[in-house]
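Dear colleague,

I am handing over the structure we spoke about, and my notes on its two ligand sites follow below it.

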Amino acid sequence: MKGVTTYIYRDFIRWIRYRVGVISSLVLPAAWLLFVGLALPVTFTGNYLDFITPGILVMTILTAGISSGSLLMFDKILGFLNKFLAMPVPRESILVSKILFISIRGLIQATIILLIAVLIGATLLNPLQYGLIYLILFLFGVFISAFSTTIALYLNDHDSFAAFTAMVTMPLFFTSSALMPYSSMPTWLSAIAHVNPLSFAIDAIRDVGAGSIPVVSIVLLLVFTTIVAVLAGYVFRKATV
Amino acid sequence: MTAILTEGLTKNFGDLCAVEGLDLSVDKEIFGLLGPNGSGKTTTVLMLTTLLAQTKGSASICGHDTRLDPEKVRDCISYVPQDMAVDTNLTGRENMLIFAWLYGIPNPKDKVDELLAVMELSDRADDLAKTYSGGMRRRLELAEALVHEPEVIFLDEPTIGLDVAARRNIWTHIRKMTRKGMTIFMTTHYMDEADQYCDRVGIISRGKIAALGTPSTLKAHLMKDVITVTIEGDYAPVQLDGSMFVGQSDDSISFTVENGREALPLLADALKQSGNRVKAMSLREPSLDDVFLQSVGKQEEPKGFEEFKFHMMLHRRH
Ligand SMILES: Nc1ncnc2c1ncn2[C@@H]1O[C@H](COP(=O)(O)OP(=O)(O)OP(=O)(O)O)[C@@H](O)[C@H]1O
Ligand SMILES: [Mg+2]
């Protein structure tokens with residue numbers, strides 16, 4: 001446990017010292033929200049801002065999480081990983097700390113988005129609803145960062161990994177239910193959107209916004225997250241004989 | 001209990017045999033593993049620090065097997081890798097604190113202060129590590145490695161890329177550590193350093209130990225004097241009784257001889273007769289460089305000749 005918190009502390013300090021990174025990671029989603037939520041003259045639903053906010057939240061977690069596999073990869077390339085692996089700290093705490101750090105960082109960004117959304121006219125929700133949204137976002141964050149870390153460990157080469165993330169992020173976003181309701185999509189898009197993991201998290205958050213508790217979605221998300229996390233653990237152990 | 005003990009330690013990468021049948025016993029001393037690039041030094045260190053699984057053989061650190069009991073091994077070692085890994089956006093103190101917390105030592109703040117002082121980093125402790133010189137970063141890494149008072153420290157090329165003063169400084173600190181009963185296992189390219197500071201050295205060539213012993217015994221194994229000849233153009237081999245070819249680096253060729261003064265004119269004649277154009281000759285006592293050159297040989301040397309050389313080495317060791 002001590003190991004996990006120390007590793008998280010290290011990554012956190014390194015993140016906040018890297019100011020451009022912090023600012024861009026906060027400005028970009030905010031810009032999306034302002035641009036898509038306010039500037040686009042679309043009227044799929046009554047309050048489009050309420051509709052788009054879950055999409056932007058999940059996208060933020062996605063972009064924050066998907067590139068994060070490189071965090072572990074850089075530690076490996078720069079020789080930090082070997083130093084840590086030669087210590088008596090349980091080795092898995094390195095992996096756990098990376099996944100937790102990325103998820104927590106995603107939640108910090110999500111908080112900014114939620115604040116801006118309310119400021120520019122999204123409906124204010126009750127604390128339980130916000131709690132559920134955070135839970136869903138956290139699970140999704142763990143899901144994405146474990147996935148990304150697994151791919152990074154597997155590819156073991158920074159250029160291929162960067163190509164992979166670029167290839168995955170945008171298509172995943174545009175084929176999800178983030179921007180428009182299923183009813184407004186062409187059938188082929190709707191079919192893809194229904195199996196897109198992003199839609200899964202987005203729909204769950206919309207359900208929360210609409211006043212229900214999406215128990216099934218949360219349980220399923222938990223199951224998928226666990227599977228990917230176990231897979232990440234397996235690949236990590238194999239990569240660090 | 002012996003700090004480092006290996007038996008037939010072997011590592012293959014596919015067809016390549018990076019380390020072959022390493023038998024070592026190192027205890028409470030500074031042991032230097034010397035060898036040219038790609039000879040298997042880092043691979044050896046990685047196996048001993050539980051970071052790489054060997055193909056064959058076994059290694060134990062302070063009595064714990066590196067494969068069967070890796071956690072116990074990691075409890076008694078520190079490892080400083082070849083490439084300097086210091087968080088440059090963190091201060092020296094922050095870098096140290098992270099290690100102190102990870103090792104879970106009782107008074108992290110005090111211990112960090114103490115070690116920063118030992119490594120003469122106190123006045124720069126709160127500056128970002130990116131403002132440190134190479135030598136300071138190395139000292140910071142050494143300080144990190146000392147945080148939990150390990151019994152064995154592995155240093156992979158601790159002085160590479162440092163200037164003479166910084167190297168001497170690092171060595172002073174390493175010497176201090178052994179005085180407290182620690183075992184230091186280090187690799188280096190610098191013969192003069194190994195000669196001066198290591199209690200024992202092993203010369204590794206293509207994954208095999210080619211010579212092992214204290215620097216002075218290894219030098220004594222060579223004949224008494226060394227004659228270095230600078231020639232112009234290609235070297236045409238010569239045979240002269242009582243002299244032996246050691247190796248060639250660039251245009252200078254070394255021979256060992258029983259009696260330098262007498263051999264000097266004879267060798268000059270022999271060289272001229274076989275058509276060499278001698279520019280200069282000098283006579284000196286053998287250095288570890290000569291031992292190294294003789295054990296490792298030149299990469300471009302014809303195969304048969306090197307095998308002969310290698311057997312000569314083996315003969316002398318037994
Ligand atoms: N992961 C690996 N996969 C394949 N071959 C490897 C791997 N690691 C090392 N080697 C090979 O094993 C041999 C020994 O490498 P090693 O890094 O141990 O050399 P070294 O003595 O530390 O060299 P240097 O002085 O350059 O650091 C080299 O031929 C190298 O190419
Ligand atoms: Mg090396």
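B:Thr42 is partly exposed, at a relative accessible area of 27%, and B:Gln82 is likewise partly exposed, at 32% (buried is under 20%, exposed over 50%, partly exposed in between, with a 1.4 Å probe and protein chains only). This is a predicted model, in which local features need pLDDT of at least 70 and side-chain atom pairs count only at pLDDT 80 or more, while totals for chains, interfaces and linings use all residues. Residues are numbered from 1 along each chain as its sequence is written, chains are lettered from A and ligands numbered from 1 in the order written, and side-chain values use heavy atoms, without hydrogens or water.

The magnesium ion (ligand 2) is coordinated by OG1 of B:Thr42 and OE1 of B:Gln82, at 1.8 to 2.2 Å (donors are N, O and S atoms within 2.8 Å of the metal, or 3.2 Å for Na, K and Ca; water is not among the atoms, so the site may look incomplete). Because B:Thr42 lies in helix α1 (residues 41–48) and B:Gln82 in the loop between β6 (77–80) and α3 (92–103) of chain B, the pair ties together parts 40 residues apart in sequence (helices are DSSP runs of H or I with at least four residues, strands of E with at least two, numbered from the N terminus).

Best regards
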